[in-house]
Amino acid sequence: MIAVIIFYGLMLVFLLMTCRNGSFSKFHIAVKTLTSTGFLMLVLLGVWQTKATDYFLMIFPGLLFYFVGDILLAFRGKLEKKRLLIGGMVAFAVGHVFWLFVFTSYAPFRFYDFLIPVFFQGCIWLLFELPGIASKKMRVPTLVYVYLIALLFVKTIESLKYLADDSRIGFLVVGFCLIAISDVLLIFVYFWKDKKVWVHVLNLVFYYVGTGFLGGSMYIN
């Protein structure tokens, strides 16, 4: 486990170095692929060590689709941008659906769960109205995606009440909250006209630390 965490951390540091338009930027796709492989390795090593097969089958599909989304978004700068962006969003959305199954196994759906995400959609809609945000063609797909991730966020927070019954929930909640923050930052990465490198760096840090927590939950009893 320690070796995988060190590998994961080193790849993340190298990935952050590729965000700048310098000599390291040409390695961005390869390094991002290796970094995303890191959280899959963390889970696979975890199931081998802990033999917690049932839990592995719960969390691995979501992480696998996150990996696919990472690859599609990594190639977005090289190939057809809009299709890859939508493809990446679909892959992440499918991953989120699998995580919904995980969190609803702790906290079943209630009627108001489906209403709260509308508030978050409204906030993002207002964000899109800012003069520095260019997102007209992607507004509807993004708002649909926001509804899904907000719904997942609601179930994540609700599952905290079961922390005493399953300590892995703590890792899952921290992990997904970090991923939710990274998704908000991603709006600025892709739609903010005045793109800032530090926003992309923060997005990657929150995302990969978050997926590290999700994968690391395999080792919690």
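Arg110 is partly exposed, because its relative accessible area of 32% falls between the limits for buried (under 20%) and exposed (over 50%), taken with a 1.4 Å probe and protein chains only. The model is a predicted one, in which local features need pLDDT of at least 70 and side-chain atom pairs count only at pLDDT 80 or more, while totals for chains, interfaces and linings use all residues. Residues are numbered from 1 along each chain as its sequence is written, and side-chain values use heavy atoms, with hydrogens and water left out.

**Salt bridges**

- The structure holds five salt bridges, a salt bridge being a side-chain nitrogen of Lys or Arg within 4 Å of a carboxyl oxygen of Asp or Glu.
- One of them joins Arg110 to Glu158, with 3.8 Å between the closest N and O atoms.
- Arg110 lies in the loop between α4 (81–104) and α5 (116–128), whereas Glu158 belongs to helix α6 (residues 139–158), so this pair ties together parts that are 48 residues apart in sequence.
- The helices named here are DSSP runs, numbered from the N terminus (H or I, at least four residues; for strands, E, at least two).
- Glu158 counts as buried because its relative accessibility is 11%.
- Glu158 also meets the side chain of Lys155 in a salt bridge of 2.5 Å, N to O, and both residues lie in helix α6, three residues apart, which is about one turn of the helix.
- Lys155 is likewise counted as buried, because its relative accessibility is 0%.
- Arg110, Asp113, Lys155 and Glu158 are linked in a network of salt bridges.
- A further salt bridge brings together the side chains of Arg139 and Glu129, at 2.7 Å from N to O.
- This pair links distant parts of the chain, since Arg139 is in helix α6 and Glu129 is in the loop between α5 and α6, ten residues apart.
- Arg139 is buried, with a relative accessible area of 14%, whereas Glu129, at 46% relative accessibility, counts as partly exposed.

**Charges over rings**

- The charged end of Arg139 sits over the ring of Trp125, at 4.7 Å from the ring centre, where "over a ring" means that NZ of Lys or CZ of Arg is within 6 Å of the ring centre and within 35 degrees of the ring normal.
- Arg168 lies over the face of Tyr55, and the distance to the ring centre is 3.9 Å.

**Aromatic pairs**

- Rings of Phe, Tyr and Trp (its six-membered ring) pair if their centres lie within 6.5 Å, and planes under 30 degrees apart count as stacked, over 60 as edge-to-face and the rest as tilted.
- By this rule the count comes to 15 aromatic pairs.
- Tyr66 and Phe92 form a tilted pair, with 5.5 Å from centre to centre and 35° between the planes.
- This pair links distant parts of the chain, with Tyr66 in helix α3 (residues 53–74) and Phe92 in helix α4, 26 residues apart.
- Tyr66 and Phe92 are both buried.
- Tyr207 and Tyr208 form an edge-to-face pair, with 4.8 Å from centre to centre and 80° between the planes, and both of these residues are buried.
- Tyr8, Phe39, Tyr66, Phe92, Tyr207 and Tyr208 form one aromatic cluster.

**Nonpolar core**

- A nonpolar core is a set of buried Ala, Val, Leu, Ile, Met, Phe, Trp, Tyr and Cys residues joined through side-chain atoms within 4.5 Å.
- The largest nonpolar core has 62 residues, of which Phe39, Tyr66 and Trp99 touch the most other members.
- At least two residues of this core come from each of α1, α2 (28–50), α3, α4, α5, α6, α7 (168–191) and α8 (197–216).
- Helix α7 gives the most to this core, with 13 residues.

**Exposed positions**

- Lys161 is found in the loop between α6 and α7 and counts as exposed, because its relative accessibility is 53%.
- The C-alpha atoms of Lys161 and Tyr106 are separated by 9.0 Å, although these residues are 55 residues apart along the chain.
- Leu10 lies in helix α1 (residues 2–17) and is counted as exposed at 54% relative accessibility.
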